[in-house]
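The tour goes from one selection to the next.

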Amino acid sequence: MTTTTVGDPILQISSLETHFFTRDGVVKAVDGVDLTVGKGEILGLVGESGCGKSVTSMSVLRLIQNPGEIVGGSIRFHGEDLLDLSEKEMRSIRGDRISMIFQQPVGSLNPVFTAGSQISEVYEIHEGLKKKEGNARAVEMLQKVGIPDAERRIKAYPHELSGGMAQRVMIAMALAAGPELLIADEPTTALDVTIQAQIIDLMREIRNDLGTSIIVITHDLGIVAEIADRVAVMYAGEIVEEADTKTLFADPKHPYTKGLIGSIPLAGDRREWLDVIPGRVPNLIDLPGGCRFAPRCRAREEAGLTMCTEQRPELTGVNDEHTVRCFLYQEGAK
Amino acid sequence: MARFLLRRFISSIPVIIGILALVFALARMIPGDPCRAALGERATDEICDAYNERYGLNDPIHVQFGIYLKDVATGDLGESFRFGVPVTELLIQRLPTTMELAAAALLIAVFVGVPLGIISGYRHNTKTDVATMVGANIGVAMPVFWLGLMLQYVFAVFLRDTPLALPPSGKLDAGLIPVPFYEVWGLPENGFMEFLSEFTLMNSLVTFQWEIFSSAFLHLILPAVALATIPLAIIARMTRSALLDVLGLDYVRTARAKGLRERSVVLKHALRNAMLPVVTIIGLSFGLLLGGAILTETIFNLAGVGKTLFDAITSRDYTVVQGFTLVVAISFVMVNLLVDLLYTYLDPRVRVS
C-alpha cells in the first residue's frame, strides 16, 4: 500500500483485528485495518456509526475493555509495536506521546474534580510535577487553547463549562504533555456549528504550530473536507478507500464512498431527493462472505459482477496515492 | 456554604415536630394501662386514679401534648414511671453504650462493606464477585437476633477456653468498675461529664485503664458484628453497583487515556463518584442500626437505648418510650444532615449557590 504522508510515518497500523467476544458470537469490530499517519499529518477516518472507527482508535491506546480483545495485527509507533509493550510501558505512552479527545466533552471530564486538577494530573503522572506546578502549567495550557480568563476557569467544575469550553479543556489536557499524536474521536459532534468551526480551527493551529499528527474520527464528511490532509473510509470493520482529501472528494471510487458523498445535503443546492445508500450496515457477527458492501451495492449490479458475493476484494491501488477495496477497479473481475 | 447549612438545618425542624407528635401519639396507642403496668395488676382503682392524676394522665390529650412540648423545649423529658428517675438521667447512662455500639457497627459496615463492594464491582462476574454477592445476600437476609444467638453460641460456647473465645453478654467483665475521667483529672462532676464518661472505651482509653479498655473492647466485638451485618451487606451491594455504573462512563475512559494506573482510575476517578449513592445509603443504614440495636442490646444484655426502649415498651413506661424514641429519631435526622453535608463536599454539582 502506498500513501502520501507529510513527514515520515509515526504510526503504522497493519492488519489490525479487534474482536469482541459476546454471548451472541464474535463481533469483528475491526477486521484487518491498515492505516498510516505521517508526522504532522491530519488523517480523517470516516464511516457510519458502528463501522469500527472508535474501536480502531481505542486499540491504538490499547484501551479495549472486556469482552473486547486485539487478536491480530500490529500497531507500530515510531517503528515499535505497541502490542508488544508491557502495561506499564503502555501507560507511559498514553496521555504523554499519544493522547485522545472524545465526543462528549462534558461527560469525558470527571464531574467531581476541577478542570485545572484534571489537566494538572497529566503533568503529575508524566512529568512528576507537584500539584502547584502542574496547576501553573495548566493555566498556560488553557490560555494556549484559547480559554479566556484561564486563572479563574481552572477552578471551574465540568458542569460549569459549556460544551465548547469543556472540549477546549479536553484538548488542553490531551496536549498537556506535548503528544506526537492526537486522536480526536468525533471531537465536534456534540457541539454547535459555530463552536465546531472554532474547534476545527484550533486543531488545525495545533498541527501547524506544534507539528502534532492528528487522527480525526468522524461520520461528518464536511469536517474531513475542511481539516484532513488524507482520508480513509471505513466500512464494517475494514478500510474500503483511502486517498488524499482532494482526490477523494473529486474522484471517489468505492461505491460506498460515492454514496456517502452523494448523501451530503449542500446549502443552496435544491434537490428533490438526497442519495441514500440502500440497506443497512451488516451485522458484524454474521458478515457477508464476499465484499461486505455487496448486499447494498448498486454499482455491482449495474456492472453485472457476481464474484463480489463470493470473494473478498483486496485493497488495491488505483494509482500511487489512491487505494480502493472494490472489484470494479480490478482487471479480470467477473 | 453557611447558608446551605442553615437552610438544611431549618428544614429539619418540621421533621422534628412531626416526630414529636408521632412519638407522643404512638406511646398512647400502646395497648394497656400505664398505671397497672407500673404498679402491678393488683393496684386498686383509687390508687390508679391518684397515679393518673399525679402524672397528668387524666388531662385531655391536647393538654398533655402541650405540656409535653413545653417540657421537651426546656430539656425535661419527664420522669420514668417505672424507675422514678428523670428520663434525661437514663439517657445519660444509656445513650453512650448505644452510640459506641452503633459507631463500632457502622465502622465495620463501612470499612468492610465498601472494599468488598469495590473488589466485587471491579472484578464483576468473576468467582470473587459471585462469592461476595452471595455472602451479601445472605447477610441481608439474616435476622439480627438469630445471628446474635449464633455468634454467642460459636464464640462463647463452642470456642470456650480457646484464645478465640469472646464474652457473649454485658459491657464489662464482672467486678470491673471504670473510674470516670473527671475523677481522675479532678474535674467537677455534672450531667455532661457523666454522659461523656459513660463512653467506656473512650473513658478508659484517655485515662489509661487498660484492663477496662480491653474488656470493653472484647465485649463490643460480637454485638457490633451482629449489628453491622445487614448494613455491611447493603453497603457492599450498593458500592458494587454504583462502581459498575461509573466504570462504564466516559470520564473513566478519559482517566485511562491519560495514562493513569488502573488503581488510580478506580480508587480516585471512579470511586469518588461511586461513593455518592453509597453515602446516602450509609446515612439510611444508620436507621437500620438503631432498629437493630434494640434486638442486639436485648440479646447481648447491654443496657443501652435499645434495651431500655424495649423494656419501656413492654412495661408501658410512656415517658421513657417518648424520650428515647425522640432521641433516636433526632439522631437519625442529624446523621442524615451530616450525610447531606458530606454530599456537598463530595459532589460539586450539589453546591448550588
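Select B:Phe208, B:Trp210, B:Phe213 and B:Phe217: ring pairs link these residues into a cluster. Rings of Phe, Tyr and Trp (its six-membered ring) pair if their centres lie within 6.5 Å; planes under 30 degrees apart count as stacked, over 60 as edge-to-face and the rest as tilted. The model is predicted, so local features need pLDDT of at least 70 and side-chain atom pairs pLDDT 80 or more, while totals for chains, interfaces and linings use all residues. Residues are numbered from 1 along each chain as its sequence is written, chains are lettered from A and ligands numbered from 1 in the order in which they are written, and side-chain values use heavy atoms, without hydrogens and water.

The whole structure holds 13 aromatic pairs over all chains. One of them joins B:Phe208 and B:Trp210, with centres 6.0 Å apart and 50 degrees between the planes, a tilted pair.

Now show the surface. Which of these residues are exposed or partly exposed? Buried means under 20% relative accessible area, exposed over 50%, partly exposed in between (1.4 Å probe, protein chains only). B:Phe208 is exposed at 59%; B:Trp210 is partly exposed at 48%, and B:Phe213 is partly exposed at 22%.
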